[in-house]
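I opened this structure for the first time today and kept notes as I went. The entries follow the order in which I looked things up.

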Amino acid sequence: MRRPRQLDSPLVPKVMRVMSRAHVRAYRATGGRIGGRWRIGSAWRRGVPTCLLTTTGRKSGQDRTTPLLYLRDGQRVVLVASQGGLPRHPAWYHNITANPEVTVQIGKEALRLRARVAEGPERAELWAKLLELYADFDSYQSWTDRTIPVVVCEPAK
């Protein structure tokens, strides 16, 4: 699939930031009733669940919250650092590589978890499940040269 030219606009990251902030506010204010399902692209009909990921900024040390699609896998929450197929990893991904302690809010429930990047066969297995959840991840991967990271958040042992 051909990469949309619009993705190269310098406005795209700015628009994503503004929309993410509005999403976070609505989600928090309603406990996920508003903003709890993504209905864009391949998710239009059934919607895909969204959560709020809070990381610690690697440079600022401040809490940073991002709305993300997620896959629940037992006690684990699986996330995709796709950033819509943009050429760079999202800031939250860099934050978790610097400090893997995160909070994931699903609805009104806040979970304290530890994030790690899935590799090898585990990544391949989770990627297949993620594509079943949201087929557009496959398009995003085709639009970028980077391997889109799959992040597993799980209870600390």
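**Entry 1: strand β2**

I began with strand β2 (residues 48-56), where eight of the nine residues are buried, so β2 is largely enclosed by the rest of the structure. I took buried as under 20% relative accessible area, exposed as over 50% and partly exposed as in between, with a 1.4 Å probe and protein chains only. Helices (H or I, at least four residues) and strands (E, at least two) are DSSP runs, numbered from the N terminus.

I note that this is a predicted model, in which local features need pLDDT of at least 70 and side-chain atom pairs count only at pLDDT 80 or more, while totals for chains, interfaces and linings use all residues. Residues are numbered from 1 along each chain as its sequence is written, and side-chain values use heavy atoms, with hydrogens and water left out.

**Entry 2: partners of β2**

I counted two strands as paired if DSSP finds at least two bridges between them. Strand β1 (residues 37-38) pairs with β2 in the antiparallel sense over two bridges, and Arg37 has Pro49 of β2 as its bridge partner. Strand β3 (residues 63-69) runs antiparallel to β2 and is joined to it by seven bridges. There I found Thr55 opposite Arg64 of β3. The hairpin of β2 and β3 has six residues between the strands, and in it Gly61 takes a positive phi near 75 degrees. Strand β6 (residues 101-106) also pairs with β2 in the antiparallel sense, over three bridges, with Leu53 opposite Val104 of β6.

**Entry 3: cysteines**

I searched for disulfides, meaning pairs of cysteine sulfur atoms within 2.5 Å, and the whole structure has zero. Cys51 counts as buried because its relative accessibility is 0%. Cys153 is also at 0% and counts as buried.

**Entry 4: cores**

I defined a nonpolar core as a set of buried Ala, Val, Leu, Ile, Met, Phe, Trp, Tyr and Cys residues joined through side-chain atoms within 4.5 Å. The largest has 18 residues, of which Val77, Leu79, Trp92, Val102, Val104, Val151 and Cys153 touch the most other members. Two or more residues of this core come from each of β2, β5 (76-80), α2 (91-98), β6, β7 (109-117) and β8 (150-154). Apart from it I found another core, of 17 residues, including Val48, Leu71, Val80 and Val152.

I then listed contacts (heavy atoms within 4.5 Å). Leaving aside neighbours within four places in sequence, Val151 is in contact with Val77, Val78, Leu79, Trp92, Tyr93, Ile96, Ala115 and Arg116.

**Entry 5: helices**

Which residues of helix α1 are buried? I listed Val12, His23, Val24, Tyr27 and Thr30. They cover an arc of only 145 degrees around the axis, which puts them on the same side of α1; the arc is that of the directions from the helix axis to the C-beta atoms. Among the elements covering these buried residues are β2, β3 and β6. The face of α1 turned away from the buried side carries the exposed residues Leu11, Val18, Arg21, Arg25 and Ala29. Just after α1, Gly31 takes a positive phi of about 60 degrees.

In α2 the buried residues are Trp92, Tyr93, Asn95 and Ile96. Their arc is only 160 degrees around the axis, which puts them on the same side of α2. Their cover includes β2, β3, β5, β6, β7 and β8.
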